[in-house]
Amino acid sequence: MEEVVRFTLNGKPTTLTVDSGRALLWVLRADLGMTGTKYGCGEGHCGACAVLVGEQAVRSCMVPVKQVHGEVVTTIEGLARNGKLHPLQKAFMENDALQCGFCTPGMILSAYSLLRRNPRPSDAEIREAMEHSLCRCGAHKRIIEAIQQAAKEMEGGS
Amino acid sequence: MDYDRYMELDFTDDGPAFVMTRRELLQLMGTGIIIVLTGGEVIAQASEGRRGGSGQGLPEDFNAFLRIGEDGKVTCFTGKVEMGQGPITSLAQELADELDVSLDSVQMVMGDTDLCPWDMGTFGSMTTRFFGPALRAAGAEARAVLLELAAEQLGRPVEQLAVQDGVVFDRENANARVSYAQLAKGKRIARHAKATLKTPAEFKVIGKATTRRDALAKVTGAAKYAGDIRPSGMLYAKILRPPAHGATLKSVDVSGAEEVKGAQVVRDGDLVAVLHEHPDEAERALWRIRAEFETPQAGADDVSVFDHLVKVAAEGEEVSRGGDLKRGEARAAEVFENTYLNSYVAHAPIEPHTAVVQIEGKKTTVWASTQTPFSARDEVAEALGCAREDVRVITPFLGGGFGGKTRNLQVVEAARLAKLAGKPVQVAWSRAEEFFGDSFRPAAVVKIRSGLTRDGHIAFWDYHVYYAGSRGAEHFYDIADYATVSHGSGWGGGAHPFATGPWRAPGNNTNTFARESQIDLMAARAKADPVEFRLRHLRDEKMRGVLTAAAERFGWTSAKPAAERGCGVALGIDSGTYVATIAEAEVDERTGLVKVRRVVAAQNMGLVINPEGARIQMEGCITMGLGYALTEEIRFRGAEILDRNFDTYQIPRFSWLPQIETVLVEDKNAAPQGGGEPAIITMGGVVANAICAATGARVLQLPMTPKRVTEALRKR
């Protein structure tokens, strides 16, 4: 059913008239042209489509757009603020924690969500939180290292 | 952002997009310096025996490898693509070093068929081995030409000049200087200079660990993949798929789909698709199509396929032979005969196959996730019935390839649909389509008969591989009497129920698993340490070197670490690179579940262009390799693929990750070898050997699922 859906997207108020049952992923990519959010599996198995709703990473392929009405949504394009990269983005770069880069937006936003819940995660807690984020290139080792580095840097509270 | 004219692969932030046609490129010769290479030994080597279906090799008439602009920027043109394996960094390093410019001033234009020299494709770990030397030669020639120009301008002999960061200066008077940018201004260069490549001692950029140059774009979401290209008016397509390969469409009722607002159904023979401005709406409409297919009788399934393959395999072709098998067997005190099996595996890149095609008058532009942009161009031209010159394929970043993005089926689909629709069309496969349309690594069988002499030496080696091909089939041990025979080609020619193709280091995974398992079980029978047993049979200094390096780093001892834990070793050669891998695994004997705790891999790949990139590739190989070792196998019934998503087809996850250590054995004066594939080939064998060391159970089939491990435990 077509409805008006309002939410904040990367800091900007956004209003859409859409079939509100459509997946947030496709509304972001096709309607709004925010292509940083990726399709990987369409069934919530891989995490390539993760975005933040508030501080929580969700799988946008599984979220009907009406569920974000009134919410604050952040995609990978909105993570850097005022031209300053988020510590996770910097850490992914410095640790070479990516190869093809296709899972990277989802990895970073899932890690962001983890660090909000648990600012000092152990190695085991990182693995557990990231377990359902899939990377095919095999960058796992460096992704864990990047998250650890970002956690350290964020201790001052960024 | 204007997506309509996304024509560039410009990875630096230096202003306007770099948009050129070939004609414009030629015109640019008046304003910059374009280095044209004609023929030459390196190029011949790069294209020898590997010409495209169109009869093309690397072009000999017009072969622009690089351009030095009036702004001093160096642009490298290469038909290679960036799919995560890192040439966007390593090739730029090679060029920067030969040219004596900073790495930052080199920009890469990759996989654009209008701008880049013809290329066969990005696979087989060939970029650094074959394109790299050609690129370095172009860089060295360019530098020589620039030095000549500088000598004329400065009125000094070439021998007296030096270059730093793109500025030529007099060694004796550094005030006499001129930059590449100044030299390029208003120049037209059509000459060649003799140049020699730098030696390792002269390298400044090559061999220096360098982080990825595309990382910024990839962590901010700015990096464009094919599905992110959206020309205005573009429609997303969803295509009707048969339930099994070979099924034919009997009847179709599309009326339900046509009722979906904004949906347009198009049909061209068996190609039935829904087009819509939103991909999810296109998919919703597709579900409303009622179609009947006639599915051929199911043949083999994932259990019976191995017998089928051995039965249909052609007479074997000899890969290598030495001595006399009969003589060797007569010396054997004990004979070992085993059959090793390996399953079909999927490439499963996180980015599914995607293509966008835009037809404007005569000109067709394609953006595709492809490892073979030039083949894609030819295939589109054929499908549209137009000239190859009228098709331009632009390759944005690939979200993984691993050998799977070489067939371009989705590109041809998008081209046909764009023509039917009269609008730009994007085809992006769903995950289920990806598992269906993939060209799997072929299932394969290896039969080995081998023998041990009374004093613990390998007496003979009789090796038969079915459908894994000859890559990695040859042993490298000191065995006098041996034969290696390959039955059925690597890709199967009709033997398989569906398409098969190369998968990261193709059949070498299967061959190395079988060989290293067999060597290990003989070592155990000879009551020898598996590392010592291998060294006993190795004369090749390079192989001894990597094995020794891995054993040292691992702290190898014959002692068993702890209950249910064990350490294994496996060796292999791929794409010219030598690999030794040692792993420690833990086996839960109750469940058969295997956990790999630690992996050390040592690699000799000759000259290492980017040590950081090389290590990342090794880590990626080790991590990805755990998948085919432990869980990955396509389940199918006849030509129907049962795996459709990552819930049943399990790829490696964070919880699997062992402690990984990589060792690069220095060999600077040797030519650079492959890096993207070699370290994956040992993973099946090393895990099998570690399982055996932990439990005494020998698993002869990949993947080593809990069920297979449990069976092997029962048989021990």
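Of the 716 residues of chain B in this predicted model, 57% count as buried. Chain B holds 19 helices and 28 strands. Among its contacts between residues at least 6 apart in sequence, 77% link residues at least 24 apart.

**The seven-stranded sheet of chain B**

- An open sheet of 7 strands in chain B runs in the order β10-β11-β8-β18-β15-β16-β17, with mixed pairing.
- At its edges stand β10 (264-268) and β17 (391-394) of chain B, each with a single partner strand, so one side of each has no neighbour in the sheet.
- From one strand to the next, the twist averages 25 degrees.
- Within this sheet, β15 (residues 354-360) and β16 (residues 363-368) of chain B are antiparallel partners over 6 bridges.
- Helix α12 (residues 409-421) of chain B lies across β8 (235-239), β10, β11 (271-276), β15, β16 and β18 (425-428) of chain B, and runs at about 35 degrees to β15(B).

**The four-stranded sheet of chain B**

- Another open sheet, also with mixed pairing, has 4 strands in the order β22-β23-β24-β27 (chain B).
- Its edge strands are β22 (565-574) and β27 (659-664) of chain B, which each pair on one side only.
- Ignoring direction, neighbouring strands here are turned by 20 degrees against each other on average.
- Strands β23 (residues 577-588) and β24 (residues 593-604) of chain B pair in the antiparallel sense over 11 bridges. In β24(B), B:Q603 is the bridge partner of B:V579.
- Two helices pack on this sheet. Helix α16 (residues 541-554) of chain B touches β22, β23, β24 and β27 of chain B, its direction making about 130 degrees with that of β24(B). Helix α17 (residues 611-630) of chain B touches β24 and β27 of chain B, at about 135 degrees to the direction of β27(B).

**Helix α14 of chain B**

- Helix α14 (residues 508-525) of chain B has 18 residues, which at 1.5 Å a residue should span 26 Å; the end C-alpha atoms are 25 Å apart, in agreement with that expectation.
- Because 16 of its 18 residues are buried, α14(B) is largely enclosed by the rest of the structure.
- After α14(B) comes B:K527, with a positive phi near 55 degrees.

**Where the two chains meet**

- The contact draws 47 residues from chain B and 43 residues from chain A.
- On the chain B side, the elements giving two or more residues are α6 (215-220), α8 (279-287) and α17 of chain B.
- By class, the side of chain B that touches chain A has 23 nonpolar, 12 polar and 12 charged residues.

**The domains of chain A**

- Chain A is divided into domain 1 (2-78) and domain 2 (87-154), and the centres of these domains, taken over C-alpha atoms, are separated by 21 Å.
- In domain 1 of chain A, 16 residues are in contact with 13 residues of domain 2 of chain A.
- β3 (50-53) and β4 (56-59) of chain A each supply at least two residues of the domain 1 side, where β3(A) gives the most, with 3 residues.
- By class, that side of domain 1 of chain A has 8 nonpolar, 6 polar and 2 charged residues.

Note on methods
Residues are numbered from 1 along each chain as its sequence is written. Chains are lettered from A and ligands numbered from 1 in the order in which they are written. This is a predicted model: local features need pLDDT of at least 70, side-chain atom pairs count only at pLDDT 80 or more; totals for chains, interfaces and linings use all residues. Domain bounds come from an automatic or database domain assignment. Two residues are in contact if their C-beta atoms, placed from the backbone, lie within 7 Å. Ala, Val, Leu, Ile, Met, Phe, Trp, Tyr, Cys and Pro count as nonpolar, Asp, Glu, Lys and Arg as charged, and the others, Gly among them, as polar. Two strands pair if DSSP finds at least two bridges between them. Axes are lines fitted to C-alpha atoms, for helices over the stretch in contact, and angles run from 0 to 180 degrees between N-to-C directions. A residue is buried if 20 or more other C-beta atoms lie within 10 Å of its own, exposed if 12 or fewer, and partly exposed in between; C-beta atoms are placed from the backbone. The expected span of a helix is 1.5 Å times one less than its number of residues.
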